[in-house]
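Look at the sequence and the structure below, then read on.

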Amino acid sequence: MKHAFLFAAALAAGMGAAADDQIRLNQIQVIGSHNSYHAGLPPGIVKLLTASDPDSLTGLDYSHAPLADQLSSGIRQIELDIYADTQGGRYAAPLGPRWVAAAGLPADLPPYAKGVMTAPGFKVLHMQDLDYASTCQPFRSCLEQVRGWSDSHPGHLPLFVLIETKQSETVGRWETTASEKFTTATLDQLDAEIRSVFPEDRLITPDKVRGRYDTLEAAVLAGNWPTLVEARGKLVFLLDQKNVSALYLAGHSGLRGRILFTNADPGSPDAAFVERNDGSAAEIADLVRSGYLVRTRTDWDTSQARRIDTARRDEAMASGAQILSTDYPASEPARWTGYAVSLPGGAAARCNPVLIASACQITAP
């Protein structure tokens with residue numbers, strides 16, 4: 001982290017606005033969308049939950065625009081929840097419409113074109129059977145939409161893609177379709193699918209950050225993240241769930257040869273990215289100063305948005321967490337109150353408030 005303090009001191013001494021070759025990937029702060037694919041609950045499911053499970057409805061009552069629209073509005077981190085479906089068809093006939101029909105409610109139309117859910121491959125959805133409508137499907141299609149936006153915006157700020165591997169058995173009190181468990185083989189397929197859409201020169205991988213250092217953690221503690229000059233036009237893939245980290249690391253010590261950065265504990269050889277979704281500003285700031293890339297949340301379960309409670313939002317922004325995840329970016333304010341999360345001036349990114357002491361500017365896109 002030595003570079004961060006030297007850089008901050010130089011700016012404070014009057015160097016002025018920093019150039020892209022002076023700012024490293026971990027020295028910025030961006031807004032991300034939580035469950036970026038989330039199209040919202042189908043109308044019949046809304047009526048069903050209104051009558052039978054209003055608490056669940058409250059937490060699920062949000063939606064997002066298509067991925068490309070979010071990126072055009074300034075979002076620089078998206079989150080995709082994926083379910084393994086190696087044989088295809090596991091999630092093609094969700095139980096939700098049957099529950100809706102049994103309650104005597106009008107049927108919901110299928111959200112996808114015929115055949116989309118029957119083909120093998122990762123599927124993108126929040127909760128099987130209940131909250132299953134997404135703005136992109138399957139996973140490869142989501143990646144292709146991001147690739148299309150990236151291609152049409154050369155030199156864009158680096159994009160962070162958070163992947164959450166889902167393998168739940170139930171959703172609240174609802175007995176749902178059993179999910180397929182992730183294995184080392186399916187995680188190999190995940191890497192392969194990403195590489196089929198994004199060539200190596202469009203990716204920032206653990207190997208590239210590790211460089212000449214013995215471990216990935218040693219590299220980030222030494223500040224070996226790429227500069228914005230090196231990172232523009234590229235993507236950083238992040239693995240959300242710790243329960244698959246051991247599988248992802250198997251045969252790839254310290255993430256050698258892998259694409260995604262694991263959500264790791266400081267002190268681990270693979271530690272570069274850590275999640276502190278409800279961490280305190282002080283805890284997050286310490287991690288940021290050490291050199292880690294941190295994701296935190298500014299709101300959850302629609303709670304802050306309904307009350308216009310900005311305390312968590314403001315704490316998260318001040319913490320220096322590089323990725324601030326929200327259900328309500330400025331382009332999608334809460335319909336009840338107008339609650340939203342944005343950086344000063346509506347910027348797509350700003351210099352990290354913990355690592356860079358003086359004002360500087362980061363140019364879009």
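## Helix α2

What covers the buried residues of helix α2 includes α3 (54-60), α5 (96-102) and β6 (174-175). The model is a predicted one, in which local features need pLDDT of at least 70, side-chain atom pairs count only at pLDDT 80 or more, and totals for chains, interfaces and linings use all residues. Residues are numbered from 1 along each chain as its sequence is written, and side-chain values use heavy atoms, with hydrogens and water left out.

Some terms need their cut-offs here. Helices (H or I, at least four residues) and strands (E, at least two) are DSSP runs, numbered from the N terminus. Buried means under 20% relative accessible area, exposed means over 50%, and partly exposed lies in between (1.4 Å probe, protein chains only). A contact means heavy atoms within 4.5 Å.

Which residues of α2 are buried? In this helix, which spans residues 43-52, they are Gly-44, Ile-45, Leu-48 and Leu-49. These residues cover an arc of only 130° around the axis, so they sit on the same side of α2. The arc is that of the directions from the helix axis to the C-beta atoms. Pro-43 and Ala-51, on the other side of α2, are exposed.

## Helix α12

Helix α12 covers residues 281-290, and its buried residues are Ile-284, Ala-285, Leu-287 and Val-288. Seen down the axis of α12, they fall within an arc of 160°, so they line one face of the helix. Their packing partners are β9 (273-275), β10 (293-297) and α14 (311-319). After α12 comes Gly-291, which has a positive phi near 120°.

## The whole protein

The protein has 14 helices and 12 strands. Why does its radius of gyration agree with that of a compact globule? A compact globule of 365 residues would have a radius of gyration near 21 Å, and the protein has 20 Å, so the two agree. This radius is taken over C-alpha atoms, and the globule rule is 2.2 Å times the number of residues to the power 0.38. Along the principal axes, the C-alpha atoms fill a box of roughly 70 × 50 × 35 Å.

Of the 365 residues, 54% count as buried. Among contacts between residues at least 6 apart in sequence, 74% join residues at least 24 apart. The protein exposes about 14000 Å², and carbon and sulfur atoms supply 54% of this area. Accessible areas come from the Shrake-Rupley method with a 1.4 Å probe, and for residues only the protein chains shown count as cover.

The protein carries 33 positive and 41 negative side chains, and the centres of the two sets lie 3 Å apart. Lys and Arg count as positive and Asp and Glu as negative, while His and the chain ends are not counted. The place of a charge is taken as NZ of Lys, CZ of Arg, CG of Asp or CD of Glu.

## Backbone details

| Residues joined | Peptide bond | Omega |
|---|---|---|
| Gln-137 and Pro-138 | cis | about -5° |
| Ala-364 and Pro-365 | cis | about 15° |

Pro-138 lies in the loop between β3 (123-124) and α6. Pro-365 belongs to the segment after β12 (349-351).

The loop between β3 and α6 also holds Asp-129. Asp-129 has a positive phi of about 75° although it is not a glycine, and it is buried, with a relative accessible area of 4%. Asn-35 is not a glycine either, yet has a positive phi of about 45°. Asn-35 is placed in the loop between β1 (28-33) and α2, and counts as buried at 2% relative accessibility.

## Two loop residues

Is His-156 buried or exposed? His-156 is buried, with a relative accessible area of 0%. This residue is in the loop between α6 (139-152) and β4 (159-165). Not counting residues up to four places away in sequence, His-156 touches Trp-149, Ser-150, Arg-232, Gly-233, Lys-234 and Pro-365. Pro-365 is also part of the cis peptide bond with Ala-364.

Ala-92 is found in the loop between β2 (77-83) and α5. Ala-92 is partly exposed, at a relative accessible area of 34%. With residues up to four places away in sequence left out, Ala-92 touches Met-117 and Thr-118. Ala-92 and Ala-133 are 41 residues apart along the chain, and their C-alpha atoms are separated by 12 Å.
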